[in-house]
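Let's take a walk through a protein together. Keep the structure open beside you as you read.

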Amino acid sequence: MEKYQTPVMNLNLVRTFVIVGQSKDLNDAAHKLEIDRTNVSRHIAALESIYETKLLNNDSKTFELTEDGKKLFDDYEKAYNLMFAAEKNFRQGKSLNTGRLTIGLSSDVDPSFVNRKIELFKKKYPNVVIKILVLPTKDLYDKLAQFYMDFIIDTPIENVQKVKNIEMKELGKEPFCIAYSKNLSNLKIESIKDLDSLPLILPISAKKERVEFDQILEKEEINKNISLEVDDYHFALEYAKNGLGLSLLPKRCVSEDLLTYDIGLTKTISVAYIEKNLCPAAKKLLEEFHFLK
């Protein structure tokens with residue numbers, strides 16, 4: 001009978017190898033692990049001795065994984081992330097007397113969309129620490145797949161459900177309007193045609209609401225006069241108040257001292273998540289959006 005070979009389960013070695021593989025920089029890995037670089041090298045050497053193969057091709061600072069290293073890293077990273085998620089779920093339990101929650105926020109979503117929900121959640125569970133990360137889209141989904149993030153608030157992305165067990169479902173609709181100062185007494189917007197040649201304060205061209213707004217103007221053959229392009233609704237709001245132009249804004253951002261015109265434009269806001277990775281705190285926060293009820 002073939003003798004059963006006990007797998008290597010030294011979690012310190014596993015953790016070191018995973019962090020090194022993710023960092024691709026020995027000094028950075030040592031900083032994250034809170035050990036010196038000599039010990040990082042010793043851990044890698046120990047794994048190489050156990051598996052009797054070279055895992056890293058490294059120089060004085062940077063390195064590349066060998067082919068064997070890449071295979072081992074892929075499996076170790078999945079196992080490590082699953083253990084990390086399991087420990088997180090267990091520690092939080094149901095009471096949420098403590099815990100951590102990491103939310104990814106797409107640059108296409110204004111933070112004020114989630115602020116009120118977070119305020120309500122913190123009143124119920126004040127000891128849960130919440131971290132919000134605004135990152136490029138690819139980085140967000142990579143971190144979600146690696147269990148570094150609980151969920152992402154984003155606009156819909158086609159075929160995301162087919163990638164790394166990530167699911168995406170709608171959270172709600174964000175209605176937009178044209179807002180402008182009451183001090184512009186000679187200005188009255190009664191139809192989309194009235195926007196012709198007027199100074200507009202618009203989001204940058206990459207924003208989905210900007211793309212749809214441009215399509216509306218093009219369809220109606222309206223001359224688009226762009227006065228300002230800004231990547232922050234709060235700046236656009238202030239510029240509108242100061243009479244610098246007419247701003248395209250989410251309705252919830254518009255203050256009472258502005259006039260508005262409804263252009264019939266909405267932006268869908270969605271949540272991306274991995275079902276098995278939703279910890280108790282994540283589930284409770286999503287309930288504030290009425291997503292899990």
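**A walk through the fold**

Start at Ile132, which touches Ile103, Leu105 and Ile118 when residues up to four places away in sequence are left out; touching, or contact, means heavy atoms within 4.5 Å. You can find Ile132 in strand 4, residues 128-134. Strands (E, at least two residues) and helices (H or I, at least four) are DSSP runs, numbered from the N terminus. With a relative accessible area of 38%, Ile132 is partly exposed. On that scale, buried means under 20% relative accessible area, exposed means over 50%, and partly exposed is in between, using a 1.4 Å probe and protein chains only. Ile132 and Gly104 sit 28 residues apart in sequence, while their C-alpha atoms are 5.9 Å apart in space.

Before going on, a word on what you're looking at: this is a predicted model, where local features need pLDDT of at least 70, side-chain atom pairs count only at pLDDT 80 or more, and totals for chains, interfaces and linings use all residues. Residues are numbered from 1 along each chain as its sequence is written, and side-chain values use heavy atoms, with hydrogens and water left out.

Now zoom out. The protein has nine helices and 10 strands, and buried residues make up 43% of its 293 residues. Take the contacts between residues at least 6 apart in sequence: 72% of them join residues at least 24 apart. The accessible surface of the protein is about 16,700 Å², and carbon and sulfur atoms account for 50% of that; areas like this come from the Shrake-Rupley method with a 1.4 Å probe, and for residues only the protein chains shown count as cover.

Next, helix 1. It has 13 residues, and at 1.5 Å a residue they should span 18 Å; the end C-alpha atoms are 18 Å apart, so the two agree. (The expected span is 1.5 Å times one less than the number of residues.) Among the buried residues of helix 1 are Leu13, Val14, Phe17, Val18 and Gly21.

Glu52 is not a glycine, yet its phi is positive, about 55 degrees. Glu52 lies in the loop between helix 3 (37-51) and strand 1 (56-58) and is exposed, at 73% relative accessibility. Glu221 also has a positive phi, near 55 degrees. Its loop runs between helix 7 (208-219) and strand 8 (225-230), and at 72% relative accessibility Glu221 counts as exposed.

How many aromatic pairs does the structure hold? There are five. Rings of Phe, Tyr and Trp (its six-membered ring) pair if their centres lie within 6.5 Å; planes under 30 degrees apart are stacked, over 60 edge-to-face, and the rest tilted. Phe17 and Tyr76 have ring centres 6.1 Å apart and planes at 80 degrees, so they are edge-to-face. Because Phe17 lies in helix 1 (residues 11-23) and Tyr76 in helix 4 (residues 67-92), this pair ties together parts 59 residues apart in sequence. Both Phe17 and Tyr76 are buried. Phe113 and Phe289 make a stacked pair, at 6.1 Å centre to centre and 20 degrees between the planes. Phe113 is in helix 5 (residues 112-124) and Phe289 in the segment after helix 9 (280-288), so here the parts tied together are 176 residues apart in sequence. Phe113 and Phe289 are buried too. The charged end of Lys117 sits over the ring of Phe289, 5.9 Å from its centre; this asks for NZ of Lys or CZ of Arg within 6 Å of the ring centre and within 35 degrees of the ring normal.
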